[in-house]
Amino acid sequence: MSASKKTAWAVATAVLLPLVIAAPAAHADEGKDAKDKQPKPPANMSAVGGAALGRPGTQVLLGPGAPVLPKELSARSWIVADAESGQVLASHNAHWRLAPASTLKMLFADTVLPKLPKTQNHLVTTQDLAGMGSGSSLVGIKEKQTYSVHDLWLGVFLRSGNDAVHVLSAMNGGVPQTVKDMNARAAELQALDTYVVSPDGYDAPRQVSSAYDLTLIARSGMQNADFREYAATPRAAFPGEQKPGKKRETFEIQNTNRLLTGDLGVAPYQGIAGVKNGNTTHAGSTFTGVAERGGKVLLVTVMNPSSKEQHAVYKETARLLDWGFAAAGKVTPVGELVPPTSARTDAGASTSGGSAGTGSGAATGGSDGGSEPAPGKNAPDGSAASAASEEKSGGVGIALSVAGGALLLLAGAVFLVNRRWPLAGSGSRRRRSQAPLDPDVNP
């Protein structure tokens, strides 16, 4: 090829190649390709809570007058359950082991919160804050400053602060001990899809949970009055840095649960009472919520929606809650939330359930992505709440009143307290005491 022809070819390539690369695919093919690229759930998953829950795909048994499930659902996994009876009303890949993000902090709280008096104070050291992942969400804890356990839990629940998790872990004997305790607690709850590597939910190789397990964990945590209070607190004052000779100032922190506080495009959900949201690069968006309506309490967990809809995890949760309240009493349960292995049960309680099993590991891992980043970023999402966030939120047996940022529990019969765990079918035969197995997955 002559020099002049080579020059002409180079110019044409420089002009046309970007156009070829930028040209969009046909709409139909684009949708098909996107769908084909979505990972598939394992063919065989755990059967804890019932055989149907271990099957891939959507599980629901509609009765007369029951509404159909919402069409706008894109999550890889979700579950709708009655928080009190434990009945699972519907599910989709309930036992798929996926990265949990900061929803794993529910297990951290359920494990560690009962051990530390909320009035205990702790002077933070440099070592307490060591080992946090890059881009972690932070509440703003400073070394050489003193914080109460109560302050630290507000940082965990409201701002999903990995710094608060690490300080509380240090008070619990260190991160390795806390991880060990969390895995043991998961086994006690029969949350056998769950394997903890990092107590704050930061992406880590082999760290997994499932929509089923996160719902079990939330149900257990909500038995604790302090857990309930923190999960339902919309905003609070957090201690700033103590400066010599001056009164210690505070700054306001707001709960990142948008169904509780609201946000642009997301209204506070009527009856919401917690519990925890999460977002990392690997896990995508995750959320477990509990809400009450008409005397019925529902738990919904949604993991990793693929929809491009803004705040999809909250909107899909709200749709499933709406469906669950409308469908209650009109569907046949497809499974149950099993009780902890140590739960005392009555002979007259429910005897539905299935056999236990261990789920197939989903490929997980990755080291980037802190908890609660803005969409697509490894950083806290600090967007402001809408004016609707000032409205009250309620949850079964709890009247929640926001006054000066403080949450007041006004009812005598508090939400999910003194509820008897349902007796799972053949539960005594399938109980396990060992920690969940390290899933056989590729980091």
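**Figure 1. Ala101, a buried loop residue.** At 0% relative accessibility, Ala101 counts as buried (buried is under 20% relative accessible area, exposed over 50%, partly exposed in between; 1.4 Å probe, protein chains only). Ala101 sits in the loop between β3 (87-92) and α3 (105-112). Helices (H or I, at least four residues) and strands (E, at least two) are DSSP runs, numbered from the N terminus. Ala101 is not a glycine, yet its phi is positive, about 55°. The model is predicted: local features need pLDDT of at least 70, side-chain atom pairs count only at pLDDT 80 or more, and totals for chains, interfaces and linings use all residues. Residues are numbered from 1 along each chain as its sequence is written, and side-chain values use heavy atoms, with hydrogens and water left out.

**Figure 2. Arg206, a partly exposed loop residue.** Arg206 lies in the loop between α6 (175-188) and α7 (211-221). Its phi is positive, about 75°, although Arg206 is not a glycine. Relative accessibility is 29%, so Arg206 counts as partly exposed.

**Figure 3. Packing of α3 and α7.** Two packed helices are described by the angle between their axes and the distance between the axes. For α3 and α7, the angle is about 35° and the axes are 9 Å apart. Axes are lines fitted to C-alpha atoms, for helices over the stretch in contact; angles run from 0 to 180 degrees between N-to-C directions. The crossing of α3 and α7 is left-handed (the near helix is turned anticlockwise from the far one by less than a right angle; clockwise is right-handed). From α3, Met106, Leu107 and Asp110 meet Leu214, Ile217, Ala218, Ser220 and Gly221 of α7. Contact means heavy atoms within 4.5 Å. By class, the contact of α3 with α7 has five nonpolar, two polar and one charged residues. Ala, Val, Leu, Ile, Met, Phe, Trp, Tyr, Cys and Pro count as nonpolar, Asp, Glu, Lys and Arg as charged, and the others, Gly among them, as polar.

**Figure 4. Surroundings of Gln145.** Gln145 is in the loop between β4 (121-123) and β5 (146-148). Gln145 is buried, at 8% relative accessible area. Leaving aside residues up to four places away in sequence, Gln145 touches His122, Leu123, Val124, Gly240, Glu241, Gln242 and Arg248.

Figure 5. The bond from Gly274 to Val275 is cis, with omega near 10°. Val275 belongs to strand β8 (residues 272-280). The protein has 11 helices and 13 strands.
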